[in-house]
Every structure is written in C-alpha cells, then in structure tokens.
Amino acid sequence: MSQSGSAQVYDASGSGSDDERETAVAAAALAIQRGRLVVFPTDTVYGIAADAFDAEAVQRLLDAKGRGREMPPPVLVSTAGTLDALATKVPDYARVLTDAFWPGPLTVVCHEQPSLRWDLGETRGTVAVRMPAHELAREILDRTGPLAVSSANLTGKPAATTASEAVAMLGDRVAVIVDGGPSGGAVPSTIVDVTAERPRLLRLGAISVEELDEALQETGLTVDADEATEA
C-alpha cells in the first residue's frame with residue numbers, strides 16, 4: 001500500500017501476492033461500508049464507486065467528478081441475477097442481451113424497483129445496470145453489493161485507464177484506489193434503453209450496433225440507434 005493525496009493505493013495488479021490482492025479487496029469493501037469513495041479497474045475503464053444505497057456517498061461521487069444530479073451514475077453488479085432486485089418490468093429481449101453480453105461492456109437502462117430506498121440523482125424512475133467482465137471488480141462487488149460507479153475522471157477529462165491516471169485526477173477525493181494494472185480498454189460500455197417495446201441505443205461504446213442486432217435476431221427486433229451518441 002502507498003499513499004497519494006488522501007487515497008490509499010493498493011497493488012492488486014498480479015505482480016504481488018494473493019495476500020496483497022485480498023488486502024486490496026478488503027480495504028475497498030471497508031471504505032465502501034464506511035461511506036467513502038473507491039476507485040478500481042473494470043473491463044472498460046477505471047471506475048469511481050460508492051455504495052448505491054448511501055445517498056450521501058453517491059452525492060460525494062458526483063461532487064468528486066464535478067457532475068450534477070442530472071447525470072446519475074450506473075450501478076454495477078457481480079451477478080446477472082441481481083438485475084431483478086434492482087429493476088422491474090424487464091422485457092424478454094433485455095434478457096437476451098444480458099445473456100449475450102454479460103459479463104461485459106453492456107449497460108441496460110431499466111425501470112427501477114419502486115421499493116428501493118436510494119437516491120442516484122435524477123433518474124426519472126430508471127436505473128442503468130451493468131455486470132463487468134473483470135474478475136477483480138466482481139470480487140469487490142461480491143463483498144459490497146451493488147455499487148454506483150462512474151468513470152474515474154473529472155468531468156470533461158478522459159477516463160482513467162490506469163491507477164496512476166486515476167490518482168492524478170482523484171487522489172485527493174477518494175479513500176482507496178485499487179491498482180489492478182491497465183483496465184480492459186479506453187472505450188466505455190454501450191448503453192441500451194430497455195424500458196420500451198423496442199431497445200433504444202443511448203450511447204455507442206464497446207459493443208457495436210451490428211453485434212446487438214445479431215444477438216437480437218431470435219426476438220425479431222433491432223436496436224433503434226437514430227439518436228445514439230458516440231462514446
């Protein structure tokens with residue numbers, strides 16, 4: 001472990017021992033439990049995370065990035081089954097997509113479960129959910145439960161793909177940074193709105209429209225990509 005700003009940086013890159021990796025995961029989980037912010041790698045970019053059910057922690061995440069409540073963070077989960085605990089009225093085609101691309105760089109925007117006591121920002125009754133294809137990230141999620149996670153960067157800056165980049169931007173704003181080596185890539189996840197009868201592409205990312213449409217063939221649907229933004 002090393003110190004950078006207010007953050008404790010833990011090496012879980014594979015160059016150290018299993019004990020060092022366990023120490024990093026445990027430190028991240030404890031920080032989350034205490035309402036602090038944590039940075040760790042995913043299969044896309046490094047993410048900054050807070051307990052999804054701790055409204056004050058989520059607000060600290062938004063403040064750390066310089067982001068307003070009109071841009072609520074997605075929620076990362078460690079298992080696909082957790083989707084049903086967070087979302088309701090999930091259509092069959094959405095499950096086709098998650099079967100095809102989870103774990104992986106697909107975020108699905110669903111109707112949130114109305115009984116959940118959380119405040120992610122101005123969600124308009126929806127929640128964006130993703131299961132990352134990154135073993136270290138899922139180890140942390142297994143300990144913490146669902147986390148509100150946004151790309152580890154200051155708003156307007158490129159997302160961090162290494163721990164050192166995350167330290168440079170967020171080292172004085174988070175409690176723990178888990179260094180897992182370079183992240184899976186610089187391209188963020190593809191975001192698909194699954195709240196209507198037809199899937200709608202919100203952001204084109206690591207998964208292409210062609211790949212989405214191929215996965216959807218059995219449903220007879222294609223993705224509406226007319227108003228999508230580029231990652």
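This is a predicted model: local features need pLDDT of at least 70, side-chain atom pairs count only at pLDDT 80 or more; totals for chains, interfaces and linings use all residues.
Biologist: How many bridges join strand 5 to strand 8, and do they run parallel or antiparallel?
Modeller: Strand 5, residues 75-76, is joined to strand 8 by two bridges, and the two strands run parallel.
Biologist: And which way does strand 7 run against strand 8?
Modeller: Strand 7, which covers residues 106-112, runs antiparallel to strand 8 and is joined to it by four bridges; in that pairing, His-111 stands opposite Thr-126 of strand 8.
Biologist: How many residues of strand 8 are buried?
Modeller: Four of the five residues in strand 8 (126-130) are buried, so the strand is mostly covered.
Biologist: Changing topic, what about helix 1, how far does it reach?
Modeller: Helix 1 has 16 residues, 18-33, and from its first C-alpha to its last it reaches 22 Å, which is close to the 22 Å expected at 1.5 Å a residue.
Biologist: Which of its residues are buried?
Modeller: In helix 1 the buried residues are Ala-24, Val-25, Ala-27, Ala-28, Ala-29, Ala-31 and Ile-32.
Biologist: What covers them?
Modeller: The cover over the buried residues of helix 1 includes strand 2 (7-11), strand 3 (38-40), strand 4 (47-51), helix 5 (135-144), strand 9 (147-151) and strand 10 (176-179).
Biologist: And what comes just after helix 1?
Modeller: Just after helix 1 there is Gly-35, which takes a positive phi of about 85 degrees.
Biologist: How many aromatic pairs are there?
Modeller: A search of the whole structure finds one aromatic pair. It is formed by Phe-53 and Trp-118, and the pair counts as stacked because the ring centres are 5.2 Å apart and the planes lie at 25 degrees, with under 30 degrees being the cut-off for stacking.
Biologist: Where do those two sit?
Modeller: Phe-53 is in the loop between strand 4 and helix 2 (55-65), while Trp-118 is in the loop between strand 7 and strand 8, so the pair ties together parts that are 65 residues apart in sequence.
Biologist: Are they buried or exposed?
Modeller: Phe-53 counts as partly exposed because its relative accessibility is 37%, whereas Trp-118, at 14%, counts as buried.
Biologist: Last one, what about Glu-56, buried or exposed?
Modeller: Glu-56 lies in helix 2, and it counts as exposed because its relative accessibility is 59%.

Note on methods
Residues are numbered from 1 along each chain as its sequence is written. Side-chain values use heavy atoms; hydrogens and water are left out. The expected span of a helix is 1.5 Å times one less than its number of residues. Buried means under 20% relative accessible area, exposed over 50%, partly exposed in between (1.4 Å probe, protein chains only). Contact means heavy atoms within 4.5 Å. Two strands pair if DSSP finds at least two bridges between them. Rings of Phe, Tyr and Trp (its six-membered ring) pair if their centres lie within 6.5 Å; planes under 30 degrees apart count as stacked, over 60 as edge-to-face and the rest as tilted.
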